[in-house]
Amino acid sequence: MRKAIVLCLSAITLSVIAEEPELKGLPQGTDLLGSAYHEALKLVDTSGKQATAETIEVSEPFGKALRVTVPVRSEHKSVVKLQAPLAQPIAKDDVVVLVFYARSGGNGGSEALALVECNEPKWGGTVITTARAEGDWKRFLVVGTAKQDFPAGKTVLAFQVGNKEQVIDIGGVTLLNFGTSVVYNTTTKKFRAAGSEAASSETANILMKADGRWKPLDMENIQIAPGSALDLSRFVDGPAGKYGRVTITPNGGFAFADMPGKEARFFAFNALINHLFDHPDVALAASTEEQTKENCRAYAALVKRHGYNMVRLHYVDFYLMSGSPADYECNKVNQDRFDYLVYCFKQEGIYYGVDAMSFTGLKKATWSEGVAMRYKERFLVDPSTREVWEKSVRIIMTHKNPYTKMSLAEDPALIYVTLFNEQDLGSYIGNFDHPAIRPHAEKRWREFLAKRYRNDYASLVRNWGVEASSLPAGGMFDSIPFFDKKDAYANGQRGNDIGLFLHAIESEMHTWYLETIRAIGYKGYSVLYDVISFFRHLDIHNDSSVVANHGYHALPSDGERPGSRLTQDSALTSAASYWRSRAAARILNRPFMITEYGSPYWGRYRHEEGLFYASYSALQRQDVITVHEQAAAFRSKPMLECYYGRDPIGRASQLMSAFIYKRGDVKASPHSVAVAVNEAYCVTNGAMNRTINNEQSKIALLCGFGVQYDKKYPAGLPPYAKPDLILLPADGGELVISGAVGMGGMANVVDRGDGSDLTRVIGLMKTKGILSAENRSSASKEIYQSDTGELTMYSAEAQFTVITPRLEGAVLKESGKASLNALRLVSTTTPAAVAVIALDDAAIPESRRLLLVYSTDAVNTGLETSPDRITLVKPGTLPILLETGTVKAAVKNRYAKTVKCFALGMDGQRREQIELSGAADEEIRLLIDTAALSKGPALFFEIAAE
C-alpha cells in the first residue's frame, strides 16, 4: 500500500502531513484536533445497544487505530459515532482537509459517514464523505470549503457508524485547516498555493468561446421539417379524445375506454402558458388574433412532430389573470387564446394535464405579490383562505371552451388535474415561518395536541419526557410554541407528534380538495403532493387513483443569476438517484406519472438523460413522463436552465426518449418486487419523514418495483398482482433537497441502509428466477442489469448501455468504447451519448433508414463559470457552441454497401453527405469528426439505403 504517515502525536502532525502526495509544497495548515486522534475521538452511543470503542495497535506506520464495534444496527448512523470537538475555529471560505484510513475489523464490509459539522447557528457541514471499506486499509482524503463560520467548541469531527452491525477500524486521522492559503481544483483534484502562477491558471474562470473544440451550431432553422428523419408525428394519433376517456387497466396502467386492450402511454412536456404566448422562443401572441391563432395551429403541429402526445398546462391561473381587471375575472383575450391553443392540441392528438392551481389562483396579483401570498402553506393551516382555490378552480374547470364545445371538466382529452402544484414543499421548505401564517399554524398545532392528549396537559408532558423541556413550566395547550423544521426529524415522542400533525393537516387538505373538485363537476383523475413522497405522503397517495412525482438531476440554486450553483456530476455515479427516488414512490396497482423531470443547463453531463431516463421509465411501465419544460420552440434563443426547446442536447435527449418510451423500443419488466408497507409503518416515529431506502430503490434498475400498500384503496382500482418477491422497507431513506445547502438540486436520497442488503437481494432474485444466472448485476461492483437484459448501468464508470432490436446506444465518458449487438463497436473522444435508431421500425440489421445520434455538450457563447463550472458568472448568449468530437461506430446492416450518410440540421433536413469509412460483411463503418464537417457540427446523422 501507499506509504502512510505516523500521526500519533500532534507535535509532529503538521510536519508529516506535508508528506501526503497531494499536499507537498503547500503552506502549513492548522491542526484542528489539538491532540492525537485516538485520544481526541470519543465514542458517543445514544442507541442503548452497547457499542464499544478501543485503541488497538496496528502494523501500519500510523501505529494506532480505533476499533468500534456496533453489535446491533440502529435506525440512524448518528446514534453511534466517534466524535471530537475542534480545538480551533473555521472561518467562512477556509479550505479544510481530512485524511484518514478505514478497514473492516470483522467479516463483511464496514461503513462510516465522516464529517465536520456544526449545529449552531444553523446546521452546516464542510468535509463530508461516506467511507466504505472491506478487508485491508483504505485511504480517504476529503476536502471541503467552509460555507459559513464554524466556531470552536460547537464544531465536531464525527465518524457516524450506527446504522450497520459492524466492526470498523479507523486510523491515521488528520484534520487540517489551510485557511485561504491554498486553492483546491475540484476538476483536477489538485492543490495549489493561493497566488501562485499555477493556482491563478487553475482558478481562472471558464469563459466559453468558439475554438477548435467548441464550434457554433447552426440553429437558424430549428423547427422539425415534415417528413424529415426527426419527424415523429407518426407516434401521435389524433384527435385527442376520439377513443374516449382514459381508464385504468387490470394491471394498473392507462388505456382508453374504447381501446381497453391497448396500453396508453403519454410522452409529455411542461408548457408554461404565459411563456408560450410571451417568451421569444415561441411567442404565440401576435399583433392580430388571426395571426395568434395561426401560430397556435403551427405550434400544435410542431409539438406533434416532436412526438409528444401530451402537454402539462402549467401556470394557467397566472396567465388567465395577467392584465385582468379584477379578482376572478379572467382576461378575455388570454382566455380565448388559451381555449384555442387547447383546441389545437386536441386536433393534433395531444392530450393534456392541468394544474388547477399553480400559483395565485384567479387573484389579480403580480409575480412578487403572488409569492407573498404563500398559498401552499396558507391553505394547509388557514381554511378560511381556501375559497380562493374553490372560486378559481370552479371558473377554470367549468368555463365552456367555444372551440372544443366543452369545459375542461367534461373534456376526455384532459387526463389529470394537479390539485396544487408542489404543495408538499409548502410544509417541507417554508415550515409556516411567514409571520402572517405562523399564528394559524401554531393554532392548528395546539388544537392537534389537545385532541391527541384529550386536553390532558400532564399526559403530554409525561409522553414527551425530556423533550417536555421545550414547554413552558406549568403551561397549558394554548401556550405550546410551534416547532422548528429540524424538530420533525427527532426520534422521541415530540418528533412523532410533529410528524402526525403534518400528516393530519396534509391528509385533511387532500380530502377537502377531492370533495370540492367533485362538487365542481370534475370526476377525472387528480394528484397532489408530487415532490417529496415521504412515507406519510404514501399514506395520502393511497387515497388517489393515480400518483405523480417530480425530480431533477440538480437544479441551479438561483436560476441564471450570478452566483447560482449547479453540480457538475454524472447522474450515473449515483445510479440515477433522481430517477430512482421518484420511481420508488410508485404504488403497484395504479398508474404512475412523472410530471416533471430534467437535467438543466449548464450541466456537463445532461446528454446522459435521453438514454437512461426513458429506458428505466419504460422498464417500470410508467404511464406518463414529462420533461420540464418548453420542449418545442419556433426559434433559437440562448439556453436557460430547463428550456429544452432551446438546448440541442436536451432536444437530442428527448428525441431518443421518444423512440425508447413512446414507440416502446425498451420492454417493460415481466417481473415485480414489492415493498410491503402498511399504515402503521407510515405514521410511526421515524418513518413519517423518510422514503424508500436509497439502496433498496436500486432494485428499480433491475426489474419492476414499487410499493404494495396494505390499506383500503379507491373503488375502481384493480387488486394488487402477486409480485415475484416481497420485501419489507429497509429502514427508509432521508430525502435531501440539496438546494437547501446552496448547491441546487432536488430530491436525492441519502444512504441509510446496509449496502450489503442489495447483494443479498440480487442473490435472492437469481434464486427465484427474476434475474437469470447470467445477469451481470453486482452491488459491490455497482453494475445493474435489467431482468430483460436490455439495460445495463456501470455506475462506478458512469456508463450505460441499452440494447433493443430497433435502438442501441451507450453513454460513454472520454475515450470510452462499448460493443453492443448490432452496434458492434462504438467509441467517442469526448463524453457523449451515442445511439443508432431504426427509423422504419425494422430491426437495425434489416433497416433501410437509420439515425445516428451523437450528443455531447453545448453551451452559450460567453458562458462564464468558476473553474469547476459549478458557480455561474454569466449565462452567455448566442450563438450556441457545440462540443465537437470524433465518434466511431460499426453497425450491422444488410444494406451496408448501398447506404449513404448525411449530417442533419436541427430541423432534420440533410445538410451534407459524409463519406463512410468502409463497409464489409454487412457492416456500416462510420468515423465522424464533427469538428471537420464543412457546414458546421451536427448531432444527428441519417444513414439511408437509396
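Me: Relative accessible area, taken with a 1.4 Å probe on protein chains only, makes a residue buried under 20%, exposed over 50% and partly exposed in between. What is the relative accessible area of D336?

Reply: This is a predicted model, where local features need pLDDT of at least 70, side-chain atom pairs count only at pLDDT 80 or more, and totals for chains, interfaces and linings use all residues. Residues are numbered from 1 along each chain as its sequence is written, and side-chain values use heavy atoms, leaving out hydrogens and water. D336 falls in the partly exposed class because its relative accessible area is 23%.

Me: With which residue does D336 form a salt bridge?

Reply: A salt bridge needs a side-chain nitrogen of Lys or Arg within 4 Å of a carboxyl oxygen of Asp or Glu. For D336, the closest N and O atoms are 2.9 Å apart, and the partner is K293.

Me: How many residues apart are D336 and K293?

Reply: Helices (H or I, at least four residues) and strands (E, at least two) are DSSP runs numbered from the N terminus. D336 bridges to K293. The pair links distant parts of the chain, D336 in helix α7 (residues 332–348) and K293 in helix α5 (residues 289–305), with a separation of 43 residues.

Me: Are R536 and E506 buried or exposed?

Reply: R536 and E506 form a salt bridge with their closest N and O atoms 2.8 Å apart. This pair joins helix α15 (residues 535–541), which holds R536, to helix α14 (residues 493–520), which holds E506. Both residues are buried.

Me: Which residue meets E942 in a salt bridge?

Reply: E942 counts as buried because its relative accessibility is 2%. Its partner in the salt bridge, at 2.8 Å from N to O, is R849.

Me: How many salt bridges does the structure hold?

Reply: The bridges described here include D336 with K293 and R536 with E506. The total for the structure is 46.

Me: Are α17 and α18 roughly parallel or roughly antiparallel to each other?

Reply: The axes, lines fitted to C-alpha atoms over the stretch in contact, of helix α17 (residues 609–619) and helix α18 (residues 648–663) come within 8 Å and cross at roughly 25 degrees. Angles run from 0 to 180 degrees between N-to-C directions, and those under 35 degrees count as roughly parallel, over 145 as roughly antiparallel, 65 to 115 as roughly perpendicular and the rest as oblique. The two helices, α17 and α18, are therefore roughly parallel.

Me: Which residues in α18 meet α17?

Reply: Contact means heavy atoms within 4.5 Å. The α17 side contributes E609, G610, L611, A614, S615, S617 and A618, and these meet, in α18, S653, M656, S657, I660 and Y661.
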